[in-house]
Amino acid sequence: MSTTIEWTEETWNFVTGCTRISDGCDNCYIERTPPFRMAHRRFDGKGPGSSTSLQLHPERLTQPYRWQKPRKVFVNSLSDLFLAKVPVGFITEAWKVMADTPRHTYQILTKRPERLARVLGKVHAELGLTEPLPNVWLGTSIESDDYTRRADALRQAPAAVRFISAEPLLGPLPSLRLDDIDWLILGGESGPGSRPLELDWIRDIVGQCRETSTAPFVKQLGTVWAKTNGASDKKGGNPADWPADLRVREYPTTA
């Protein structure tokens, strides 16, 4: 499915549904995304542990074979591939598809990098892989300094490209280490109930990126900033509205 997400070009949702795990999940867009607004797929509550109905869609696994034009593909934008209930065998099937379609670049984002690191050893062994797939980027979400440990877990996973999504960014990240992190997406929260973003949080993190040759990608400044500043885009996603030093959208040079 094509997408308007600025840092990718396509979404591939062979798993849908998720479970809240941290503060960044509080206003998750999944429950507002057509056609996933049916009552049985909405989050059943607020806070960690509440969830949508997890569903596997094996019939969607073959979609990338039909995409002839190379594209960047966000894997499971409506779930987390490394939820505990997603079977290792199913993840292995997806990995085989990605191995078979090197023309595409796959971007996998999880809030559960500890399981990612554990599962990939089994996946690689099953497929006979001795090196990480060069067209698969592995990332984790870090919304506040309480979760910077996820970057440590991500570093344990074999990956051609490692990235962090600091969206929604809910505070500064003074404890974040960016060694062996190739790419960092930054963004303020959008939609109902959005929490504010301080521009200095973005500036500080971009500065950290420059010290480690991590490519920064500022996606948006969020709904609160957009309303306060009369921005042309309701999510604060138009770089023309931003301070000049924040108009940064880079991709990893190692890709």
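1. Lys-219 and Glu-167 form a salt bridge in this predicted model. Their closest N and O atoms are 3.0 Å apart. The pair links distant parts of the chain, 52 residues apart. Lys-219 belongs to strand E9, whereas Glu-167 sits in the loop between E7 and strand E8 (183-187). Is Lys-219 buried or exposed? Lys-219 has a relative accessible area of 9%, under the 20% cut-off, and therefore counts as buried.

2. A cis peptide bond joins Glu-167 to Pro-168, with omega about 0°. Pro-168 is in the loop between E7 and E8. Asp-180 lies in that loop between E7 and E8 too. Asp-180 is not a glycine, yet its phi is positive, about 65°. With 52% relative accessibility, Asp-180 counts as exposed.

3. The salt-bridge count comes to 16. Side chains of opposite charge can pair when their charged atoms come close. Asp-179 is partly exposed, at 30% relative accessible area. Arg-177 is partly exposed as well, at 44%.

4. Arg-195 is partly exposed, with a relative accessible area of 23%. Glu-189 is buried, at 5%.

5. Now the sheet. What is the strand order? The open sheet has seven strands, ordered E1-E4-E5-E6-E7-E8-E9, and the pairing is parallel. Strand E1 (10-12) and strand E9 (215-220) are the edges, each pairing on one side only. From one strand to the next, the twist averages 25°. Helix H2 (residues 88-100) packs on the sheet and touches E1, strand E5 (105-110) and E6. The direction of H2 makes about 150° with that of E5.

6. E5 is worth a look for burial. Five of its six residues are buried, so E5 is largely enclosed by the rest of the structure. Strand E4 (residues 72-75) runs parallel to E5, joined by four bridges. Val-73 has Tyr-106 in E5 as its bridge partner.

7. Further along the sheet, strand E6 (residues 136-141) and strand E7 (residues 161-166) run parallel, with five bridges between them. Trp-137 has Val-161 in E7 as its bridge partner. E7 is in turn joined to E8 by four bridges, also in parallel. There, Phe-163 stands opposite Trp-183 in E8.

8. Why is E8 described as largely enclosed by the rest of the structure? Five of the five residues of E8 are buried. Trp-183, Ile-185 and Gly-187 point one way from the strand. Leu-184 and Leu-186 point the other way. Burial thus covers the residues pointing either way from E8, because all of them are under the 20% cut-off. E8 also pairs with E9 in the parallel sense, over five bridges. In that pairing, Trp-183 stands opposite Ala-215 in E9.

9. Ser-213 is in the loop between helix H5 (199-212) and E9. Its phi is positive, about 60°, although Ser-213 is not a glycine. At 67% relative accessibility, Ser-213 counts as exposed.

10. Helix H3 (residues 113-127) has 15 residues, so at 1.5 Å a residue its span should be 21 Å. The end C-alpha atoms of H3 are 21 Å apart, which agrees. Where is the kink in H3 centred? A kink of about 30° is centred on Val-119. Gly-128 follows H3 and has a positive phi, near 70°.

11. Val-119 is also one of the buried residues of H3. An α-helix has 3.6 residues a turn, so residues three or four places apart point the same way. The buried residues of H3 pack against H2, E5, E6 and helix H4 (149-155).

Terms used: Residues are numbered from 1 along each chain as its sequence is written. This is a predicted model: local features need pLDDT of at least 70, side-chain atom pairs count only at pLDDT 80 or more; totals for chains, interfaces and linings use all residues. Side-chain values use heavy atoms; hydrogens and water are left out. Two strands pair if DSSP finds at least two bridges between them. Helices (H or I, at least four residues) and strands (E, at least two) are DSSP runs, numbered from the N terminus. Axes are lines fitted to C-alpha atoms, for helices over the stretch in contact, and angles run from 0 to 180 degrees between N-to-C directions. Contact means heavy atoms within 4.5 Å. The expected span of a helix is 1.5 Å times one less than its number of residues. The bend at a residue is the angle between axes fitted to the seven residues ending there and the seven starting there. Buried means under 20% relative accessible area, exposed over 50%, partly exposed in between (1.4 Å probe, protein chains only). A salt bridge is a side-chain nitrogen of Lys or Arg within 4 Å of a carboxyl oxygen of Asp or Glu.
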